[in-house]
Amino acid sequence: MVKYSYSKRAEPSPEGSVGIAREEFIENLRENPTQSEIELFSALVDAGIEFKFQPVVCGYVPDFMFRGKKILELDGIFHKDREAYDRNREEVLKRNGYK
């Protein structure tokens, strides 16, 4: 059986806690995935690869997380004009051992 998971409850991170509005934002992301996320999710399930879908990691919500603290972010329209935010996210994740 393929193992994938996500927690409905957002967890606090080393970078700060997750508030109620943030939990609603995260839930909305999970309930409304992009077409690319849906296609990759299906391909990973079909391939039998274990992953977490949109987990809360250090206060951020990457699209996919795999064993070994490996993160995959699908940069689509949501990331347009957010280069500084994305760079900061990447630095925080790297400081905390994520790849």
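Lys94 is exposed, with a relative accessible area of 54% (exposed, over 50%; buried, under 20%; partly exposed, in between; 1.4 Å probe, protein chains only). The model is a predicted one, in which local features need pLDDT of at least 70 and side-chain atom pairs pLDDT 80 or more, whereas totals for chains, interfaces and linings use all residues. Residues are numbered from 1 along each chain as its sequence is written, and side-chain values use heavy atoms, without hydrogens or water.

Lys94 forms a salt bridge with Glu90, with 3.2 Å between the closest N and O atoms (salt bridge: a side-chain nitrogen of Lys or Arg within 4 Å of a carboxyl oxygen of Asp or Glu). Glu90 is partly exposed, at 43%. Arg89 and Asp86 form another, at 3.1 Å from N to O. They lie three residues apart in helix α3 (residues 83-95), again about one helical turn. Both Arg89 and Asp86 are buried.

Glu50 and Arg67 also meet in a salt bridge, at 3.0 Å from N to O. This pair links distant parts of the chain, 17 residues apart: Glu50 is in the loop between α2 and β2, and Arg67 in the loop between β3 (64-66) and β4 (70-72). Glu50 is partly exposed at 32% relative accessibility. Arg67 is exposed at 64%.

Helix α2 (residues 35-47) has 13 residues and reaches 18 Å from first C-alpha to last. Helices are DSSP runs of H or I with at least four residues; strands are runs of E with at least two. Just after α2, Gly48 takes a positive phi of about 75°.

The structure holds six aromatic pairs (ring centres of Phe, Tyr or Trp, its six-membered ring, within 6.5 Å; planes under 30 degrees apart are stacked, over 60 edge-to-face, the rest tilted). Phe41 and Phe51 have ring centres 5.2 Å apart and planes at 90°, so the pair is edge-to-face. Phe41 lies in helix α2 and Phe51 in strand β2 (residues 51-53), so the pair ties together parts 10 residues apart in sequence. Phe41 and Phe53 are also edge-to-face, at 5.3 Å and 85°. Phe51 is buried at 4% relative accessibility, and Phe53 is buried at 6%. Ring pairs link Phe41, Phe51, Phe53, Phe64 and Phe66 into a cluster.

Notes: Expected span 1.5 Å × (residues − 1).
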